Amino acid sequence: MNNIAILCSGGDVSGMNPAIKHFVEYSLQKGLTPYFIYDGYEGLIDGSIKKASYQDVAGIITRGGTIIGSARSQRFKDASYRKQAKDNLDKYNIDKLVILGGDGSFKGMDIFYKEHATAFCGIPSTIDNDINKTNYCLGVDTALNVIKNAIDSIRDTASSFKRAFVIETMGRECGYLALASYLTSGAEMCLIPEIPYNLQAFEQSFIGQIQNGRRYFIAIVAEGVKQDSQEIAKWFEETIGIESRVSILGHIQRGGNPSVYDRLMAYKFITYAIDGLLQNKQESVVCFNESGFNYESIEEVVKPYKLDEKLLSCLMENQNVQA
Ligand code: ADP
């Protein structure tokens, strides 16, 4: 069969639309007929499937989000709904799937594959960057640029008003966004779930810096850190003696015009995914690491993710703060 479909599952990221555009174009180049499945596994169960054309993807490369929608689906955890999903694929003679999602989505597809043997290739797509075996997930660069712009803007007001700003980034239990933002924005503090911290260790240094004329502090806090951002702001006010504000960046990190890097990565991820399916790879995820792109098994990809040791040690060395 020559029919191939794409769906987005779980949290959307900026970069999905460039991926969808290249999916359609590359499938057609390779003599495949591309299909869209709308709203993730929900649409697969409900048969929201449509043949895709060049016209559908014209002009979408600049848009964040996904034109085919994404969703979480409780029903997909139920075998009878997965059977219904398989029947829908059979109706359209689709036997190859490209899945843009996180490890939860891949786990779901793994179960589906074991029951119904529909070949699939996953593309790691989550701004959390928390998928094992890949250093990069689609959408991360755009999210980092959104955070960078936010921090740069906040710095302007923080320095004008002599304030400490506690900026909270997304990432669930993973501190990658916070850590990469810290290393690239010149912030004074970074708290992430992977490293235990003690606010006392910053006290002497920060008070000394104010005495030496420092006007503001930028602290980046990952959402998975146990202590609430408000509590850290209170610590700045009460212990360091500087007025403080909290800025929770929230869902703006997921959206926006896809960066050049994400557009390029979308292009490459899709090319690898379709090539893999054409080479008869049945069940894999395209990963990107030091050795470039490769195909990893679901078993490996769903193992717990560990943050890059080198980045972690940079943080630990930098935060060995001195007055
Ligand atoms: P992400 O893919 O971003 O990690 P989730 O963990 O929310 O997001 O998973 C996305 C979807 O994948 C779920 O809503 C569900 O439909 C499907 N899924 C996850 N785990 C399973 C599972 N064990 N069995 C079947 N489907 C699953």
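**Note on the predicted model**

1. Start with serine 259, which sits in the loop between β9 (244-248) and α10. Helices here are DSSP runs of H or I with at least four residues, strands are runs of E with at least two, and both are numbered from the N terminus. Is serine 259 buried or exposed? Serine 259 is buried, with a relative accessible area of 13%. Buried means under 20% relative accessible area, exposed means over 50%, and partly exposed is in between (1.4 Å probe, protein chains only). Leaving aside residues up to four places away in sequence, serine 259 touches Asp141, Thr142 and Asn145. A contact means heavy atoms within 4.5 Å.

2. A word on the source. This is a predicted model, where local features need pLDDT of at least 70 and side-chain atom pairs count only at pLDDT 80 or more, while totals for chains, interfaces and linings use all residues. Residues are numbered from 1 along each chain as its sequence is written, and side-chain values use heavy atoms, with hydrogens and water left out.

3. Now the whole chain. The protein chain has 12 helices and 11 strands. Its radius of gyration is 22 Å, close to the 20 Å that the globule rule gives for 323 residues, so the chain is as compact as a globular protein of that length. That radius is taken over C-alpha atoms, and the rule is 2.2 Å times the number of residues to the power 0.38. Along the principal axes, the C-alpha atoms fill a box of roughly 70 × 35 × 35 Å.

4. Burial and contacts come next. Of the 323 residues, 55% count as buried. Among contacts with a separation of 6 or more, 75% join residues 24 or more positions apart.

5. Serine 53 is another loop residue, found between β3 (49-51) and α3 (54-57). Serine 53 is partly exposed, with a relative accessible area of 25%. Its C-alpha atom is separated by 8.4 Å from that of glutamate 25, 28 residues apart along the chain.

6. Look at helix α7 (residues 176-185). How many of its 10 residues are buried? The count is 8, and the helix is mostly covered. The buried residues include Tyr176, Leu177 and Tyr182. Their cover includes α6 (140-161), β6 (164-169), β7 (189-191), β8 (217-222) and α12 (309-318). Glycine 186 follows α7, and its phi is positive, near 70°.

7. Aromatic rings deserve a point. The whole structure holds 16 aromatic pairs. Rings of Phe, Tyr and Trp (its six-membered ring) pair if their centres lie within 6.5 Å; planes under 30 degrees apart count as stacked, over 60 as edge-to-face and the rest as tilted. Ring pairs link Phe202, Phe206, Phe217, Trp235 and Phe236 into a cluster.

8. Which kind of pair do phenylalanine 269 and phenylalanine 293 form? Their ring centres are 5.5 Å apart and their planes lie at 90°, so the pair is edge-to-face. Phenylalanine 269 lies in helix α10 (residues 260-278) and phenylalanine 293 in strand β11 (residues 292-296), so the pair ties together parts 24 residues apart in sequence. Both phenylalanine 269 and phenylalanine 293 are buried.

9. Tyrosine 272 and tyrosine 295 also pair. Their ring centres are 6.2 Å apart and their planes lie at 55°, so this pair is tilted. Tyrosine 272 is in helix α10 and tyrosine 295 in strand β11, 23 residues apart. Tyrosine 272 is partly exposed, at 32% relative accessible area. Tyrosine 295 is partly exposed too, at 25%.
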